[in-house]
Amino acid sequence: MKKDEHSFFSRRTLLKGGLASAVSAGLLSIPNKAWALSLLDQGFENGIRELVPYPQKYPLLRITTRPVHLETPFSYFDQSLITPNKAVFVRYHLANHPLNIDESAHILSIKGNVNHPLKLSIADLKQRFNQVSFNVVLQCAGNGRALFSPRVPGAQLGNGSMACFKVTGVRLADVLKAAGIGPNARQIKYRGLDEPALPVTPAFIRALDIDKALSEHVLIAWAMNGEPLPMLNGFPIRLVVPGYFAPYWMKHLSEIEVINTEFDGWFAKEAYMVPDTENNGIAPNTPIKNKIPLTKLKVRSFITNIENGKKIKLNNGELTLRGIAFDCGSGIRAVDCSADGGKTWLPAALGKNIGHYAFRPWIITLKQLKNGPVNLMARATANSGETQPLEQPWNPGGYARNVVERVHAQLES
Ligand SMILES: Nc1nc2c(c(=O)[nH]1)N[C@H]1C(S)=C(S)[C@@H](COP(=O)(O)O)O[C@H]1N2
Ligand SMILES: [Mo]
């Protein structure tokens, strides 16, 4: 892994933020592997989560085997702002996902309410349309689900089902325009190559409103960090919907249909719905009157250099916190930190902006800390004005967690 973790901070930010003290406290010398291994049990009562090897991947934390669901050990988010392809999490709904695809034979068909239905090869996509690249965050809607209280059913994810990487592809809008969208188009309905293992299981088919589909940042992408997509992350092409949760980001994309109605398949009407309340929360065990689809990412931030539940050596009462923040694309305006359970907050210094849809790094050195147990918190505010709640609104799907996370540490001198 590249040792470029701090190239995102200017020298001045580093001096202000106290990188020097982080180095002398030994925080940067922890080898990634050892740290990853110590994360086997992330301490939220889910038992041990093993690191398992898969093709094109570093060992990742196993959530489920069939379908494959793997999380990124949190230490990777402290290593570099860009998640290496081999460390990017993997999530599937259906056990019959493809493991072998002939790129030269892969066809994307555009059909439905269009003037010219298209069948495009990967070569066609690359040749016929303008290529674009930018950095973007991918996050599973259930990221952090295991931390909901009361507990909710579903894959018990820690917070490692997110990643930030550079995508390269063509605009979906350009492809749809080439097909010529007919009148009264409402949505695109789309799928990938995976199939349900049983006939009773609904296929993973998703839909996106036509306005969003035609917006300039939605891509059909074939590359992640300049390399072909790893098989498990959607080879040879996937949809990229910046600022929206991952269920919109169809992997192994094979078919797009322009429709004049609202798609009402299971994965559009039953899954990924949240209560239509101000914060999408509802009291546990109450019926949901109105549901709406979960679309935009909520603002989040994480401390990446302190592991929950660990003993930390202070340096003359000082402790440097580093981390990341992101939102749905307005960008991060501020990150504030607290070491007293939220009574007082201090502003962190923001690092380099590598794109409004990307992770934004931040750093702060807290001073005059005392020995003993401490509750470390980071709270991000987006340019949109949105900020993170101190209590997590509850919803039955365990979706869209964005509470200010608490990292418990034992400070020692
Ligand atoms: N074809 C296909 N695409 C899919 C899914 C899937 O099950 N099949 N799951 C979605 C969900 S919910 C997530 S979290 C992301 C996971 O992307 P990743 O495996 O590249 O991390 O893929 C999305 N796209
Ligand atoms: Mo997901």
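Begin with the cavities of this predicted model: four of them have a volume of 30 Å³ or more. The largest cavity holds about 240 Å³ of space. To find this cavity, select R91, R238, A246, W249 and K251, which lie nearest its centre among the 18 residues of the lining.

Next, select ligand 1. There are 18 residues around this ligand, and F89, D194, N233, R238 and K251 come nearest.

- F89: a polar backbone atom is 2.7 Å from an oxygen atom of ligand 1.
- N233: an N or O atom in the side chain is 2.8 Å from an oxygen atom of ligand 1.
- H93: a polar side-chain atom lies 2.9 Å from an oxygen atom of ligand 1.

Finally, turn to a sheet. Strands of a sheet pair through backbone hydrogen bonds, in either a parallel or an antiparallel sense. The open sheet to display here has four strands in the order β17-β19-β23-β22, with antiparallel pairing. Its edge strands, β17 (300-303) and β22 (349-350), each pair on one side only. Now select residues 319-326, strand β19, and residues 360-366, strand β23: these two strands are joined by seven bridges.

Terms used:
Residues are numbered from 1 along each chain as its sequence is written. Chains are lettered from A and ligands numbered from 1 in the order in which they are written. This is a predicted model: local features need pLDDT of at least 70, side-chain atom pairs count only at pLDDT 80 or more; totals for chains, interfaces and linings use all residues. Side-chain values use heavy atoms; hydrogens and water are left out. Two strands pair if DSSP finds at least two bridges between them. On a 1 Å grid over the protein atoms alone, a cavity is a set of points where a 1.4 Å probe fits but cannot get out, and a pocket is an open set with protein on both sides within 12 Å along at least five of seven lines; lining residues have an atom within 4 Å of a point. Grid points are joined across faces, edges and corners, and a volume is the space filled by probe spheres set on the points. A residue is near a molecule or strand if one of its heavy atoms lies within 4 Å of it. A polar contact is a pair of N or O atoms within 3.5 Å; within protein, one must be able to donate a hydrogen and the other to accept it, and residues adjacent in sequence count only if both atoms are side-chain atoms.
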